[in-house]
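This report covers the fold, the confidence, the salt bridges and selected residues of one model. Please read it alongside the coordinates.

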Amino acid sequence: MDKKALFDSVSNMEEQIGELYQQLGDLKQNLGDMLEENNRLNLENEHLRRRLEELDGKQHVSRIPAEKELGAMAPARKEAMRQMIEVGEGYDNLVKLYKEGFHICNVHFGSPRGNDEDCLFCMSLLNKK
């Protein structure tokens, strides 16, 4: 094999390795996206199951007392008040996400944390409670 053919062979291998590296990067990105979506869907399913259990348990309870408690507020305000009652649930979901290895800070939200290293931004958010 002459020097020109050897050089061409090495250049060809280098191009193939570059293409494989690009494909690997794309696969890694797709895997990360799928993991994030899977985690988001698991949290949503858990939340919906809890809400369904709550609604099933309150099915026999009259809604009139709840209306009296909220008084004569606008419907949007009533819904906001109902959501504020569930304050701890959002925090619990963030803690769960963080423990599963994802960022919860506004800088890197939803992206996987490398080697489960702590993020100062995430930690400051968790310590605000």
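pLDDT is the predictor's confidence in each residue, from 0 to 100. The structure discussed here is a predicted model. Its protein chain averages a pLDDT of 78, and 76% of the residues score at least 70.

## Confidence along the chain

Confidence is highest in helix α1, at a mean of 90. It is lowest in helix α2 (residues 64-70), where the mean is 46. Over residues 62-73 the pLDDT is below 50, and this stretch has nine contacts in the model beyond near neighbours in sequence. Where pLDDT is low, the predicted coordinates should not be read in detail.

## Fold and surface

The protein chain has five helices and zero strands, which gives the pattern α-α-α-α-α when read along the sequence. Of the 129 residues in the protein chain, 15% are buried. The accessible surface of the protein chain comes to about 10,800 Å², and carbon and sulfur atoms contribute 58% of that area. Among contacts in the protein chain with a separation of 6 or more, 38% are between residues 24 or more positions apart.

Helix α1 spans residues 3-57. It has 55 residues and reaches 80 Å from its first C-alpha to its last, close to the 81 Å expected at 1.5 Å a residue. The buried residues of α1 are Gly32, Asn39 and Leu43.

Val10 is also found in helix α1. Together with Met1 and Leu6, Val10 forms a nonpolar patch on the surface. The accessible area of these three residues together is about 360 Å².

## Salt bridges

How many salt bridges does the structure hold? There are six.

| Salt bridge | Distance, N to O |
|---|---|
| Asp8 and Lys4 | 3.5 Å |
| Glu46 and Lys96 | 2.4 Å |
| Glu54 and Arg51 | 3.1 Å |

Asp8 and Lys4 both lie in helix α1, four residues apart, or about one turn of the helix. Glu54 and Arg51 are three residues apart in helix α1, and are likewise separated by about one helical turn. An α-helix has 3.6 residues a turn, so residues three or four places apart point the same way.

The Glu46 and Lys96 side chains meet in a salt bridge with an N to O distance of 2.4 Å. Because Glu46 lies in helix α1 and Lys96 in helix α4 (residues 87-99), this pair ties together parts that are 50 residues apart in sequence.

Glu46 is partly exposed, with a relative accessible area of 28%, and Lys96 is partly exposed at 28%. In the remaining pair of the table, Glu54 is partly exposed at 30% and Arg51 is partly exposed at 29%. Salt bridges that share partners also join Glu46, Arg50 and Lys96 into one network.

Asn93 lies in helix α4. Is Asn93 buried or exposed? Its relative accessible area is 19%, so Asn93 counts as buried, the cut-off being under 20%. Not counting residues up to four places away in sequence, Asn93 touches Leu43 and Arg50. Leu43 is one of the buried residues of α1, and Arg50 belongs to the salt-bridge network with Glu46 and Lys96.

Ser111 is found in the loop between α4 and α5 (120-126). Ser111 is partly exposed, with a relative accessible area of 23%. Which residues does Ser111 contact, leaving aside its neighbours within four places in sequence? They are Glu36, Gly101, Phe102 and His103. Ser111 and Glu36 are 75 residues apart in sequence, yet their C-alpha atoms are 7.2 Å apart in space.

Terms used: Residues are numbered from 1 along each chain as its sequence is written. Side-chain values use heavy atoms; hydrogens and water are left out. A salt bridge is a side-chain nitrogen of Lys or Arg within 4 Å of a carboxyl oxygen of Asp or Glu. Helices (H or I, at least four residues) and strands (E, at least two) are DSSP runs, numbered from the N terminus. Buried means under 20% relative accessible area, exposed over 50%, partly exposed in between (1.4 Å probe, protein chains only). Contact means heavy atoms within 4.5 Å. Accessible areas come from the Shrake-Rupley method with a 1.4 Å probe; for residues, only the protein chains shown count as cover. The expected span of a helix is 1.5 Å times one less than its number of residues. Patches are made of residues with over 30% relative accessible area and no salt bridge: like charges are joined within 9 Å, nonpolar side chains (Val, Leu, Ile, Met, Phe, Trp, Tyr) within 5 Å.
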